Amino acid sequence: MMSASPFNPALECLECPACGGSTDLSAPRGTCPACARPLIARYDLARVAGAVAREGLGRHGTDLWRYRAVLPFAPDFPAVRLGEGGTPLLPLPRLAREIGVAELWLKEEAGNPTQSFKARGLALAVNGAIAFGKRRIALPSAGNAGSAAAAYAAAAGIACRIAVPEDTPEAFVLEARGLGAEVRLVPGTIADAGRALSEWAPAAEWWNVATFKEPFRLEGKKTLGYEIAEQSAWRPPEVIFYPTGGGTGLVGMWRAFLEMRELGWIEPPLPRLVAVQAAGCAPVVRAFDQGAESAVPWEHAHTVASGLRVPAPFADALILRGIRETAGTAVAVSEEDMVDAMSALAESEGCFACPEGGATLAALRRLRASGEVGPQARVVLFNTGSGLKYLEAWRTALARRRVAAGEEGR
Ligand SMILES: *Cc1c(COP(=O)(O)O)cnc(C)c1O
C-alpha cells in the first residue's frame with residue numbers, strides 16, 4: 001500500500017465548470033457528483049510559481065512529464081511512461097509562402113507512442129486509474145484512443161476493454177488487440193459504441209476513461225499548450241487550428257494558456273483557438289454559428305477522419321466556451337479538401353499526415369481566403385496522428401492526385 005497521497009500537493013480539487021461545484025480527491029470520481037458533467041483539475045498556481053520557474057523545466061526531461069508541476073501526480077508517484085509528448089513544432093516554410101502567412105508551424109504528434117496525440121491523454125488517464133486504485137479500464141474509441149489506452153494498460157498490467165464502431169480501420173483493431181486489450185466491434189458511431197460499453201464493461205467494475213468521463217485525459221492534452229508556448233520562446237502563436245472531435249485538446253490548450261498566464265509564463269492575448277471539424281460531422285461548428293451554448297447531436301455522422309466522427313461531444317459547452325473566450329472560431333471542411341490538404345502536407349512538407357491533420361490545413365486555407373486570418377499571422381496547425389493507419393483515405397488522396405495531374409496534362 002502506498003501511504004503518501006499519489007497526487008500533486010498543488011492539486012487543490014476537481015471542479016465542475018457547469019454547476020460550480022468542487023470535489024476533493026479522497027474518492028475516485030470521474031464526473032461531477034452533483035450534475036454528472038466534466039470535472040477539471042484546479043491547482044494552487046501561486047504555489048507552483050513559487051516552486052518552479054519556466055527556465056527550470058529542462059531538468060525534468062523532454063517528454064510531457066517535464067510539466068509535472070502542473071500535472072496531477074506527486075513527484076514520487078511511479079508513473080507508467082512510454083515516452084509521450086515532447087513532439088516537435090516544425091516550420092512549414094513552403095506552405096507559409098503559398099498561403100501567405102508570416103509564420104506557419106506544425107505540431108507533429110505522429111511520433112507519440114501508438115502514433116497519435118491520444119497517448120498524452122491516456123498516459124495520464126491510466127496513471128490516474130492506478131492512483132485511484134483501479135485495475136480495469138474501459139472506453140469507446142474511434143481508433144487512436146483505444147490503441148493508446150491498450151498500450152498504457154499493458155505497461156501498467158491492468159485490464160482494458162474497448163468498443164469501436166465496426167467500420168474502424170483494421171489497423172486500430174489489430175493494434176489494440178496486439179497490445180492485449182479486448183476489443184468489440186459495434187454497429188454505428190462512437191456514440192453507439194459508448195452505449196454498448198455500458199453493458200459490456202459496467203462503470204461499477206470498469207473505470208471509464210472515455211473523453212471527459214474522467215478528469216486526467218484533459219491534463220495530458222493540456223501539455224500541448226505548454227509545449228507550444230515553450231517551443232515558441234513563450235510567445236505563443238496568434239492562431240491555433242485544432243481538429244476537434246471530443247475536444248480534449250482544445251479545452252486542454254485553453255486551460256494551459258490560462259494557467260500559464262496566471263503563472264506569469266505568457267502574456268495576453270491568448271492564442272485564438274479554431275475548432276476544425278468535418279462537414280459530415282460538425283456539431284460544434286453548427287452550435288458556434290448559431291450562437292448556442294451547447295451542441296445538438298449530429299445525425300448520420302460520416303467522415304474518413306475517424307477522430308472527428310464524434311456526433312455528440314460530451315464537453316460541448318466547454319469547447320464552445322474555449323473557442324469564444326479566446327476569440328477563436330469554428331470551421332467545417334469537406335472530405336475532398338481534407339484529403340487534398342493531407343496530401344499537400346505530405347508532398348510539400350514531408351509529413352505523412354492523417355486526415356484530421358489535413359483538415360487543419362484546409363481550414364487555414366479557408367480562413368486565409370476569407371481574411372479571418374491575415375498575412376501577418378503566426379499560425380500553428382496540428383498533425384494529430386500518423387497517416388499509416390488511414391490507408392483508405394490515402395488511396396483516395398492518391399487517386400485524386402492522379403486525376404488532378406491528368407487534367408493538368410491535358
Ligand atoms: C481523437 C482524435 C482527434 C480529435 O481529438 P479530440 O481531443 O477528441 O477533439 C483528432 N485527430 C486524431 C488523429 C484523433 O485520434
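1. Helix α6 contributes the most to the lining of the largest pocket, supplying 6 residues. The structure is a predicted model, and the points below should be read with that in mind. The pocket itself holds about 780 Å³ of space. Its lining is made up of 43 residues, and those closest to the centre are P140, I190, A210, T211 and V310.

2. On the elements around this pocket: β6 (136–140), α4 (144–156), α6 (190–200), α7 (216–231) and β10 (239–243) each provide at least two lining residues. By residue class, the lining of the largest pocket consists of 21 nonpolar, 16 polar and 6 charged residues.

3. Strand β6 also belongs to a sheet. This is an open sheet of 4 strands in the order β8-β7-β6-β9, with parallel pairing. The edges are taken by β8 (182–186) and β9 (207–208); each has a single partner strand, so one side of each has no neighbour in the sheet.

4. Within that sheet, β6 runs parallel to β7 (residues 159–165), and 5 bridges join the two strands.

5. The loop between β5 (103–108) and α3 (118–131) contains T114. Is T114 buried or exposed? T114 counts as buried because its relative accessibility is 8%, and the cut-off for buried is under 20%. Beyond its neighbours within four places in sequence, T114 is in contact with N144, S147, A148, A151, E175, L179 and K389.

6. Q115 is found in the loop between β5 and α3. Q115 has a relative accessible area of 34% and is therefore partly exposed. Its backbone deserves a look: phi is positive, about 65°, although Q115 is not a glycine.

7. A327 is placed in the loop between α10 (316–325) and β12 (329–333).

8. The peptide bond that joins P268 and P269 is cis, with omega at about 0°. P269 sits in the loop between α8 (248–263) and β11 (272–278).

9. How many disulfides does the model contain? The count is 0. For C16, the closest cysteine sulfur is that of C35, and the 3.5 Å between the two sulfurs is too far for a bond, because a disulfide requires sulfur atoms within 2.5 Å. C16 is buried, with a relative accessible area of 2%.

10. C281 takes part in no disulfide either; the nearest cysteine sulfur, in C354, is 16 Å away. C281 has a relative accessible area of 0% and so counts as buried.

Methods:
Residues numbered from 1 in each chain as written. Predicted model: local features only at pLDDT ≥ 70, side-chain atom pairs only at ≥ 80, totals over all residues. Heavy atoms only, no water. 1 Å grid on protein atoms, 1.4 Å probe; cavity = no way out; pocket = protein on both sides within 12 Å on 5 of 7 lines; lining within 4 Å. Points joined across faces, edges and corners; volume = space filled by probe spheres on them. Nonpolar A, V, L, I, M, F, W, Y, C, P; charged D, E, K, R; others polar. Buried < 20%, exposed > 50% of the residue type's maximum accessible area, 1.4 Å probe, protein only. Contact = heavy atoms within 4.5 Å. Pairing = 2+ DSSP bridges.
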